[in-house]
Amino acid sequence: MVNKVLDYCEQYHMIASGDVVVTGVSGGADSVCLLFMLLAIREKVPFHLAVAHVNHGLRKEAAMEAAYVHELCENRGIPFYLKEADMAGYAREASLSEEEAGRQIRYAFFREILILEGTRHQTEEAKWKIAVAHNRNDRAETMLFHLFRGTGLAGLCGIPAVNGRIIRPLLCLDRQEIEAYLKNKKIRYYTDSTNQEDHYARNRIRHHILPYAEDEICRSAVAHMNQTAENLRLAEIYLGKQTEEAAERCVLPAGNVAAECQEKEPAGSGKQIRLDLDAFIKEDPYLRGRILHLFVERLAGQRKDITAAHLEGIERLFLSEKNGELNLPYEITVYKNYRMGMLVRGKQKKQRKKPVVITGDGIYQADGLGEVEVTVFSCEKTGNIPEKRYTKWFDYDKITTSVLLRVRERGDYLTINSSMAHKSLQDYFVNEKIPRQERDSFYVLADGAHIMWVPGYRISEYYKVTEKTRNIMQISIKKTEA
């Protein structure tokens with residue numbers, strides 16, 4: 001059995017020479033077996049081993065279990081670390097189930113000891129590992145637990161063999177093999193009395209559903225479920241890559257629509273994610289759900305509490321004809337603005353940008369827009385009017401006040417045609433489908449209330465250079481053209 005576990009470790013690159021491995025040992029069959037397996041493996045692959053034990057303070061026999069694990073370690077020269085915790089109190093404080101509270105306490109302690117041991121042995125962090133004692137039965141139970149509650153492909157994979165620093169060397173063994181090994185080697189272990197109760201949903205699956213499946217449906221049900229989990233894991237890896245690529249096709253550059261000069265961020269980075277809905281709709285319906293899950297997870301920093309209903313709500317909003325918004329957990333708000341979708345985390349503070357007064361030739365800095373170069377010259381020195389999107393010419397003699405680069409104000413308007421007809425800036429933004437959330441941070445070039453230019457879009461007809469123009473003001477947004 002040692003060779004079986006060693007082969008499994010090699011298959012998933014769990015342990016290498018010189019690694020630091022902290023293993024959680026409760027005193028139960030699985031964790032005691034894991035300790036002895038690691039000791040046997042260490043004879044072939046030298047690594048540093050330490051044991052962490054958590055007394056959750058729930059059972060009277062817990063002190064005896066801690067003493068037994070300490071004895072196992074002391075007799076074999078293994079560093080032993082003990083934590084005594086009030087799991088029930090922590091669960092009440094954090095509004096968690098006792099099962100989840102215990103898990104959080106254990107893994108936080110494991111990480112703490114891992115840092116201590118890794119630093120002590122002066123090894124690089126990439127070689128720090130946490131070994132836990134989940135087996136095939138645990139994986140099958142987790143698959144069913146997720147399936148009954150509703151899950152995606154990742155949930156149906158059950159427990160992975162490797163998850164970051166966490167390794168599970170016993171995932172190739174079933175519970176019967178583990179207990180038979182300990183009995184054959186005459187190794188003592190404790191049985192947690194709470195595991196015999198049906199209080200937890202997982203225990204009910206363990207005591208009733210899986211035994212019935214193996215007795216009445218298929219003797220190898222657990223083994224077959226583990227093989228299925230492995231196939232699903234490979235499918236999940238493949239689809240994960242496809243999702244990342246699809247997300248990149250859908251994501252828009254971050255920031256103001258006018259500031260197209262900004263570099264494109266990786267899909268889902270930062271506190272705001274913007275989607276091109278035309279590109280999003282072209283993706284396969286299954287990938288669309290995964291893209292949304294990816295983006296929400298990146299904003300939230302975790303998957304917990306993000307349900308299928310949330311993702312379906314976002315997709316309905318994005319596929320609808322109307323604009324709207326949707327609130328999600330973790331202070332995430334989803335907006336639809338015409339052909340753009342936006343996911344934003346956190347309360348949005350409206351920071352009004354300072355106006356930039358343009359007094360003549362020079363280089364000016366506009367917050368969020370970049371470097372703005374202004375040149376005034378005589379029409380006699382001109383060539384062809386530039387066609388660049390972020391370099392524009394204006395009839396300087398028609399300007400009546402100080403020119404400002406500023407955000408919009410009530411009463412702003414543009415001249416939209418040669419007949420000098422006006423349109424309000426608000427109506428122009430609506431017609432151009434500029435997102436409502438961005439309009440108050442959008443720079444415009446203004447002569448009083450008369451808008452000369454909406455950078456990245458159009459200039460006012462009134463200020464265009466004609467054959468009667470004598471002096472020209474050229475404005476270039478340099479960051480955009482870089």
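Predicted model: local features only at pLDDT ≥ 70, side-chain atom pairs only at ≥ 80, totals over all residues.
Buried here means under 20% relative accessible area, with exposed being over 50% and partly exposed in between (1.4 Å probe, protein chains only). Residues are numbered from 1 along each chain as its sequence is written, and side-chain values use heavy atoms, leaving out hydrogens and water. Helices (H or I, at least four residues) and strands (E, at least two) are DSSP runs, numbered from the N terminus.

**Around H4**

- Just past the end of H4, Ser 95 has a positive phi of about 55 degrees.

**The six-stranded sheet**

- An open, mixed sheet is built from 6 strands in the order S3-S2-S1-S4-S6-S5; two strands count as paired if DSSP finds at least two bridges between them.
- Its edges are strand S3 (80-84) and strand S5 (162-163), each pairing on one side only.
- S1 and S4 run parallel and are joined by 4 bridges, with Val 22 partnered by Ile 130 of S4.
- S4 also pairs with S6 in the parallel sense, over 2 bridges, and here Ile 130 sits opposite Ile 166.
- Which way do the side chains of S4 point? Trp 128 and Ile 130 go one way, Lys 129 and Ala 131 go the other, and all are buried.
- S5 and strand S6 (residues 166-167) are antiparallel, with 2 bridges, and Val 162 faces Ile 167 of S6.
- Helix H2 (residues 29-42) lies across strand S1 (20-24), strand S2 (48-55) and strand S4 (128-131), at about 170 degrees to S2. For such angles, axes are lines fitted to C-alpha atoms (for helices, over the stretch in contact), and values run from 0 to 180 degrees between N-to-C directions.
- Helix H3 (residues 62-76) lies across S2 and S3, also running at about 170 degrees to S2.

**The four-stranded sheet**

- Another open sheet has 4 strands in the order S7-S10-S9-S8, with antiparallel pairing.
- Strand S7 (272-276) and strand S8 (324-328) are at the edges with a single partner strand each, so one side of each has no neighbour in the sheet.
- On average, neighbouring strands of this sheet are turned by 15 degrees against each other, direction ignored.
- S7 pairs antiparallel with strand S10 (residues 340-345) over 5 bridges, and Leu 275 has Gly 341 of S10 as its bridge partner.
- Helix H12 (residues 285-300) lies across S7, S8, strand S9 (332-337) and S10, at about 30 degrees to S10.

**Strand S20 and its partners**

- Strand S20 (residues 471-477) is largely enclosed by the rest of the structure, because 5 of its 7 residues are buried.
- Strand S13 (residues 370-378) pairs antiparallel with S20 over 7 bridges, and Thr 375 has Gln 474 of S20 as its bridge partner.
- Strand S14 (residues 391-395) also runs antiparallel to S20, joined by 5 bridges, with Trp 393 opposite Gln 474.

Methods: Contact = heavy atoms within 4.5 Å.
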